[in-house]
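Please keep the displayed structure at hand while reading.

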Amino acid sequence: MSGLFKFVEWPCPDGGDGDTRSEAALVFDRGRQDRLLVIPPLFEEANKLRHLLVEVMARLDGSEIDAVLPDLPGCNESLAPLAQQTLTGWRAGMAAAARHFRATRVLAVRGGALLRPAGLAGWDYSPQDGPKILRSMVRARIIASKEAGQPETREEIEAKGRAEGIALAGWQIGPAMFTALENAAVPAHRDEVSLLDQETIGGRPLWLRAEPDYDPAQADALAAVIAVAMRQQA
Amino acid sequence: MTAQTSTPTDPAGPSRTEIDQKLRAILRDVLGLSEARASDLAPDSGLFGHLPELDSQAVADLLTEMEDRFDIIIEDDEVDGDHLETYGGLLALAEAKTATS
């Protein structure tokens with residue numbers, strides 16, 4: 001049905017002064033005209049949805065569409081320290097990846113919608129805003145510290161997050177990332193970006209699963225929506 | 001927490017059956033249960049501390065999903081160990097919150 005994916009490196013902006021660092025991307029790339037940038041969810045949800053996203057990309061490959069799934073600096077295979085990453089840096093990274101891979105469409109997944117480059121048409125799949133992402137991660141820390149017999153309040157955790165950064169559910173969130181997430185709204189859905197909700201895709205939301213799971217029917221549905229739209233416009 | 005009526009038309013909020021069904025659906029999604037196993041959840045079915053996959057992040061996501069689907073806000077100090085330990089505890093939390101919201 002489809003070829004294998006490859007890992008390639010791409011130059012990701014590193015700070016604001018024009019430096020770049022090498023980050024990895026998983027690609028199905030045969031130099032075709034239709035090219036989809038997949039922006040992964042943030043933090044733990046990226047792990048839960050990776051299988052689904054790679055399966056979607058494999059299906060698109062079979063429909064003559066190239067797709068690229070870049071690592072966010074500090075996540076997945078990246079060697080950059082997560083604690084030093086910022087939302088602004090991640091946005092610049094995804095914009096650079098869109099240019100480098102000559103993406104013609106974007107699929108932003110969950111919190112990935114916060115990083116969607118302006119001016120690129122595509123889809124937000126069940127987008128999640130920054131406050132909601134933080135709320136759940138701070139709550140996880142509250143439950144874990146209570147369980148460990150060293151209870152903390154949300155106020156204490158938030159104050160520490162803003163001042164010096166904090167580990168939430170094993171993820172090192174720096175102060176700039178923390179405060180940016182507190183205010184990060186999903187960018188507006190203009191005509192060229194459509195909202196894909198779980199009802200459209202069907203099945204159970206995979207990001208909710210306590211253990212990562214996979215559902216081929218959801219991969220079929222996502223790929224079908226994207227392939228039909230991208231081929232129509234071609 | 002006060003006792004609630006089971007009348008479906010209770011103006012104080014959704015019926016107990018409705019809350020119970022919604023909560024089972026959330027746990028089905030979180031734990032990947034079949035419909036049958038989700039229906040089998042009993043008040044004393046163990047959750048946090050009994051199911052290894054239900055770690056603190058999974059429980060936090062579960063509470064956040066409850067907020068979304070029930071349209072409630074669960075304050076951190078409203079949740080104690082008893083609410084999370086069993087299905088009955090979690091259901092009591094959902095009932096208390098939907099009655100007051």
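Chain A is assigned two domains, domain 1 (6-128 + 187-233) and domain 2 (130-185), the bounds coming from an automatic or database domain assignment. The model is predicted, so that local features need pLDDT of at least 70 and side-chain atom pairs count only at pLDDT 80 or more, while totals for chains, interfaces and linings use all residues. Residues are numbered from 1 along each chain as its sequence is written, chains are lettered from A and ligands numbered from 1 in the order in which they are written, and side-chain values use heavy atoms, with hydrogens and water left out.

**Between the domains of chain A**

- The centres of domain 1 of chain A and domain 2 of chain A, taken over C-alpha atoms, are 25 Å apart, and 16 residues of domain 1 contact 14 residues of domain 2, where contact means heavy atoms within 4.5 Å.
- About 1200 Å² is buried between these two domains, with 77% from carbon and sulfur atoms; buried area is the accessible area (1.4 Å probe) that two parts lose on being put together, summed over both.
- On the side of domain 1 of chain A, A:Phe43, A:Leu87 and A:Gln128 supply 44% of the area buried against domain 2 of chain A, more than any other three residues.
- The count between the two domains is 0 salt bridges, a salt bridge being a side-chain nitrogen of Lys or Arg within 4 Å of a carboxyl oxygen of Asp or Glu.

**Between chain B and chain A**

- Chain B brings 27 residues to the contact and chain A brings 20 residues, and the two chains bury about 2000 Å² between them, 51% of it on carbon and sulfur atoms.
- In chain B, the residues that lose the most area to chain A are B:Asp29, B:Gln57 and B:Asp76, which together make up 27% of what that side buries.
- There are 8 salt bridges between chain B and chain A; the side chains of A:Arg204 and B:Glu35 meet in a salt bridge at 4.0 Å, N to O.
- The elements giving two or more residues to the side of chain B that touches chain A are α1 (16-31) and α3 (56-70) of chain B, and α3(B) provides the largest share, 12 residues; helices (H or I, at least four residues) and strands (E, at least two) are DSSP runs, numbered from the N terminus.
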